[in-house]
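Keep the structure open beside them as you read.

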Amino acid sequence: MVQSLVEPQSVADISSAPALYVKAYRAMLLARVLDDKFASLWRAGKIHGGVFLGRGQEALSAAIGVALREGDVFAPLIRDLAGRLAFNEPILDGVRTYLGSTLGPMRGRDGNVHRGRPGEGQLAMISHLGAMISVVNGVLFARRMKHITGMVGVATCGDGATSTGSFHEALNQAAVEKLPLVMVVADNQYAYSTPTAQQFACRSLVDRAVGYGIPGYEVDGTDLAACLRVVGDAIVRARAGQGPQLVVAHLLRLCGHGEHDDAYYIDPQLKSSALGVDCLKRAEDFLRQQSWADAGTLAQWRSEAVHQVEDAVATVQREPPPDPFTETWSVLATARLAEGNEVNARS
Amino acid sequence: MPHVPIIMPQLGESIAEATIVSFLVQPGDVVEADQDIIEVETNKANMNLVSLAHGRIAQFTVQLGESYPVGSSLGQIEVTKEEAARLGLDTAQLDKARSQSTPATTLSGNTPNTQEAHVQPTIRGLPVPAHAAGAGYMSPRLKARMHELGLHAADLAGLAGSGAAGRVTVEDFERYISNLEKQKLTPASSMRVAVADAMRRSWTRPLATVGMPVLMDRLLAHRKAQVVKPGPALYGLRALAIALSENSAPAGRLIGNNIVHPSAIDLGFGVEVEDGVLVPVIRNADQKKLADLVARYNHLIELARQRKLPLDATGGSIATVTNYGTFGLTLATPIPLPEQNLVLGMGAGRKVVRWDEANEKCVPVTESHLTLSFDHRVLDGGAAGRLLGRVADLLMHPEQL
Amino acid sequence: MSITYLEAIRAAQARALADDPRVFIYGQDVGAFGGAFKATKGLAKEFPGRVLDAPISEDAMAGLAIGAAIEGLRPIIEMQFADFSTVAFNQIVNQAATLFWRTNVPCPITVRLPCGATSGSGPFHSQTMEAIYAHYPGIVVLTPATVEDAYSMLLEAVVIDDPVIFCEHKLLYYHLKAEALPTEALPVGKARIAREGRDLTVVTYSAMVHESLAAAEVLHSDGWEIEVVDLRSVKPLDTDTVMGSVARTGRLLCVGEAWPWGGVTSEVIARVTCEGYDLLDAPPQRLNAKDTPVPYHPNLWAAHRPTARSIVDAARKVLQY
């Protein structure tokens, strides 16, 4: 059930929306520069644990970020740096989380892509990505109970997470409750090393929408203009009270699962196919075609992005790492219930 | 004809009771098996109870609108013997079960079956060491209490335990202590406590004693000839020093699997002081003649009695000589100090008549007994006897001392 | 007037809904039907739009509750049977339990688990799951044994700013009655001395409190005085009250309906042994269900779980040591 969209508020004609396109492009660019910096910090031994890049998925991600507003909620997948930045995640949050700064939102307790500010609509993923979708449902459910309308929640995941029970339960739940959930699936052809043929047997993941009784849309994930249009429209429809929306983007992961993975298993034919086009390069070509930016402007933007990233990294590298002696090691919000603490003192 | 009870069934998860809503048949009616007979209401739903046999309703024993717990009898159905047999309804058993279905004392007692079930505890044995009797085995709590009160296992020697394998429980212990407190108590002197501590530690070893008589006439004559007369114990000390200088192995101590050999022939001697015994030490007792030791020996006795022994005259000795003869004792089995393997004991001399083979006549002689107590782990009777024999030989040749 | 354990749970939810507009109830069949056990009977009508049926999706139920909690609401979710909460296990232990620690955003959800075995319930409607949830940091696990505690602790659970696993015992639902709802209560985290004694401490919780009290009564007629400690909450665990009791008696028996491997009884024994070794005059012992799934037939079931009778047997062994 792939529906075409003719909506009054849609951004069907992207050529009339250069500002939106440029905003999204610059989020993509900043994400790419920051991701590359993360990779080099990891190779220099400055980052503990894994580094997970969004290379090849920035267009889809940025399209989500620029369509969201304050008050919306976003549960990103691990390759959504562009979307996070576009949805106003401070660049320092990512750097601080990767480097374990105590000034970051996760304070060294969790790292890399596992970050967020749940109170500000940026959910902090757990590793079981399918499990984030029903949490978005919960936020939307609560907003409805509080009679807050006109906001949406976006959850994203890859093709792999669509095989989990959580994904099914949550989409069914959102459909039953008619929640303003936009589920964006980045079908990037591989879940770690597992190709989609081993992940699902339907023609396209968008066919799942029929089973849930919700509309589904497909989009070329390498084309920022298409992503802005399709994702933007899905968000507009959800915001207008039309219930959950499923968007499936087709693209190729242009890197390993993490930086520890050389991705030798990726089919070379896929790399040279239309799916293997670098969305950032394609967006730059489009900007020049439309005369929205010339080579000088693009170089200027890149230079600004590099500056921003270098400033952030330099700042965070001077910040204190977590200290096991000052860490509270307390897990409960209700301090009086901490064992060996107030409970004992009270008796 | 047998009467089969109508029992309130378990009508759902966790249901405890149900209320009688209506009777769908009347006493005297003939009912088929599985026919609805009573309508009841539970917390969850309304439902019908069915007859479990073909028969005639004999009576209902319950009231409309009242609640009855699961398992209670609601009435009886009269059935033929054949029907009861066919359905496996042993009416005698049923009557018995009904009479036993007393109100459950616990929440688990829903049905007669559960009341009868016997459960083997899943806990296994509680291990008690083989030597548990008395204070041979002490629980952590008993050990802690003993430590708190400064007591030792020996203090519980008189206490029979009531616990597993006769162990002393904490209750036994506390009762014992509170009974002791009813008797007259005086604090033991620090000397007493120190001696008790030393003896307790010594007594952890398997101790044995050997003894032999020795003729003392020549020693007494030798002593009489001296200007300053050495005490008999000093003779013994010198004799033991010489014997050990010839072979110090018997003074070794067993630590683990090693014999620790003495590095010097430092010998102590027992001095009775008020409420205890002190042991001054003469260093390198093998290297000075008897005559040269007398003054030192007498001085140390004096210092001991004043409790002013210098540090270099206490501790670190390898054997002790004790002259229990001064108390008129002819025989004793003294206990070596905890850090020593040997204690030489000297009994009181007595005049005895002895057959003189050479002159073929009886002669009066002075005889006393020597004893040597030792750690049997280190020394056997033979080795101990040879050492004691050498000491006796030297005492009978005092000029060699 | 008398009130059952189940009615107390219903009453606590009614009061929580009335007192705090942030509270809502979500679970299978909890709406108009009033819940499989009628723990929410009439609440959907009394509080329109706040007592809502969920699809058979425990994972999504828990996820939704977590999202709502992030938004500042105080959801109560009912798992129809504790056994089914395994489907939501990931959400509870990985999402809810870590949220505050990771992000500083509290996760005040209450997960009601109708737990414990009743006659004829079999392997999948009988489990007691406090141990497995207590194992995870960031979760409060409550195990009320009385009508009064069922009421007061459920009210407190809703107020607590952390995920609470509320283990309500199905066997107590209808069997346990009290004269009235309590007006005051011990706080969560404090154990209760259910019966005072001097010879043996029995530490237990939930339905096993009643089996232990019955056992204590039997042993009383033999001259033994058994002290029964009702933990009330297994996490936080009130080690002080347990230790104080063992200091009086010197002997410890822990009784739990859960399986023997690990769990609350072993945790209590580990703590007493580690921190109170010098209090013990006998090796501490524990009594649990047998290490098999919960059997269906009443004869097997009655022998599978600890009962007053097996507690008496176990207690005698410890007493005679």
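**Notes on chains A, B and C**

1. Start at the end of a helix. A:Lys178 comes after α6(A), and its phi is positive, near 50°. Bear in mind that this is a predicted model.

2. Which residues of α6(A) are buried? They are A:Ser166, A:Phe167, A:Glu169, A:Ala170, A:Leu171, A:Asn172, A:Gln173 and A:Ala174. Look at what surrounds them. Within chain A, these buried residues pack against α5 (131–145), β2 (153–158), β3 (181–187) and α7 (208–212). They also pack against α3 (58–70) of chain C.

3. Step back to the whole of chain A. Its secondary structure comes to twelve helices and seven strands. The C-alpha trace spans about 70 × 50 × 40 Å along its principal axes. A compact globule of 347 residues would have a radius of gyration near 20 Å; chain A has 21 Å, which agrees.

4. Two percentages describe the packing of chain A. Buried residues make up 52% of its 347 residues. Take the contacts in chain A between residues at least 6 apart in sequence: 73% of them join residues at least 24 apart.

5. Chain C is assigned two stretches: domain 1 (3–178) and domain 2 (192–319). Their C-alpha centres lie 26 Å apart. Domain 1 of chain C gives 25 residues to the contact, and domain 2 of chain C gives 22. On the domain 1 side, the elements giving two or more residues are α5 (130–134), β6 (140–142), α6 (147–159), β7 (164–169) and α7 (170–175) of chain C. By class, that side has 14 nonpolar, nine polar and two charged residues.

6. Chain B is divided into domain 1 (3–102), domain 2 (140–185) and domain 3 (206–400). The C-alpha centres of domain 2 and domain 3 of chain B are 40 Å apart.

7. Last, the meeting of chains B and C. Here 31 residues of chain B are in contact with 43 residues of chain C. On the chain B side, α3 (112–116) and α4 (140–149) are the elements that give two or more residues. Which of them gives the most? That is α4(B), with four residues. The chain B side divides into 13 nonpolar, 14 polar and four charged residues.

Key: Residues are numbered from 1 along each chain as its sequence is written. Chains are lettered from A and ligands numbered from 1 in the order in which they are written. This is a predicted model: local features need pLDDT of at least 70, side-chain atom pairs count only at pLDDT 80 or more; totals for chains, interfaces and linings use all residues. Two residues are in contact if their C-beta atoms, placed from the backbone, lie within 7 Å. Ala, Val, Leu, Ile, Met, Phe, Trp, Tyr, Cys and Pro count as nonpolar, Asp, Glu, Lys and Arg as charged, and the others, Gly among them, as polar. Domain bounds come from an automatic or database domain assignment. A residue is buried if 20 or more other C-beta atoms lie within 10 Å of its own, exposed if 12 or fewer, and partly exposed in between; C-beta atoms are placed from the backbone. The radius of gyration is taken over C-alpha atoms; the globule rule is 2.2 Å times the number of residues to the power 0.38.
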